[in-house]
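Q: Could you take me on a close look at one part of this protein, the pocket and what lies around it?

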Amino acid sequence: MPSALVLLAKGTEEMEMVIAADVLRRGEVDVTIAGLDGAGPVECSRKVVIVPDIALSSVSQKDFDVVVLPGGGPGAESMAASSTVGEILKKQEARGALIACICAAPIALSKHGIGKDCAVTSHPAVKEVLVKAGYKYSDDRVVLDKKILTSRGPGTAFEFALAIVEQLQGKENRDSLVPPMLLKE
C-alpha cells in the first residue's frame, strides 16, 4: 500500500488537509498526519481543531510515496520556515518521489529550493513569490511537472487529492472514487 505524509501546522487550511487525507485513505493510501509543532491539537485557519496522528519530530526515517503540504497562509509560512520540512522535501526530491502542495504551500518549495525547473500553480496570493523565485507559473487548477504536484486552493482540493491518488494508485482507482463521493467532473 502506498504511503503519504500529510503535514499539519497552526493556521493550515483545514479543508485542504482533511480532503487530501480523506480522499487518499479512500484511495487505499496509508496516510500519516504529522503535526509540525507536536502531536497535540492544532488550530487551523478557520478555528477548526485537528489532532495529528503523530508529531513530525517522531516520524521515522521511513520513506513516503508522497509528502503533502496543505495551504493556509500561516501554516504554509511555518512549513516554509521549518528546516525539518526542508530536509523531508529535499530527501523526497532526491529519491524522485512525489511532493504535493496546495494553495499557499508551494512557497515551501521556493524556500527550500525544491523543483526549481518545474511548472507550478498556487493560490493567487502567493503567485508573485513563485514567479520571482523563477518557477514556470500556471493558472491551471492542478499542475503536475515531474514529481511536483501543485494546486490552487480549497475549491480545487478534491481535484488535487484525486490527482495524488492517480499518481500513486492509477487512473482506475482514482476514477472509482468519484461516483461514491458524488463529485462533479
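A: Happy to. A pocket here is an open set of grid points where a 1.4 Å probe fits, with protein on both sides within 12 Å along at least five of seven lines. Please keep in mind that this is a predicted model. By that definition, the largest pocket holds about 250 Å³ of space.

Helix α3, which spans residues 83-95, supplies the largest share of the lining, with 6 residues.

Next, a look at serine 57. You will find serine 57 in the loop that links β5 (54-55) to β6 (66-69). Its relative accessibility is 70%, so serine 57 counts as exposed, the cut-off being over 50%. Glycine 35 lies 22 residues away from serine 57 in sequence, and their C-alpha atoms are 8.4 Å apart.

Strand β2 covers residues 30-35 and pairs with β5 in the parallel sense, over 2 bridges. Across this pairing, isoleucine 54 in β5 stands opposite alanine 34. Both strands belong to an open sheet of 7 strands with mixed pairing, in the order β5-β2-β1-β6-β7-β11-β10. Its edge strands, β5 and β10 (142-145), each pair on one side only. Finally, helix α6 (residues 157-169) lies across β6, β7, β10 and β11, running at about 175 degrees to β7.

How values were computed: Residues are numbered from 1 along each chain as its sequence is written. This is a predicted model: local features need pLDDT of at least 70, side-chain atom pairs count only at pLDDT 80 or more; totals for chains, interfaces and linings use all residues. Side-chain values use heavy atoms; hydrogens and water are left out. On a 1 Å grid over the protein atoms alone, a cavity is a set of points where a 1.4 Å probe fits but cannot get out, and a pocket is an open set with protein on both sides within 12 Å along at least five of seven lines; lining residues have an atom within 4 Å of a point. Grid points are joined across faces, edges and corners, and a volume is the space filled by probe spheres set on the points. Helices (H or I, at least four residues) and strands (E, at least two) are DSSP runs, numbered from the N terminus. Buried means under 20% relative accessible area, exposed over 50%, partly exposed in between (1.4 Å probe, protein chains only). Two strands pair if DSSP finds at least two bridges between them. Contact means heavy atoms within 4.5 Å. Axes are lines fitted to C-alpha atoms, for helices over the stretch in contact, and angles run from 0 to 180 degrees between N-to-C directions.
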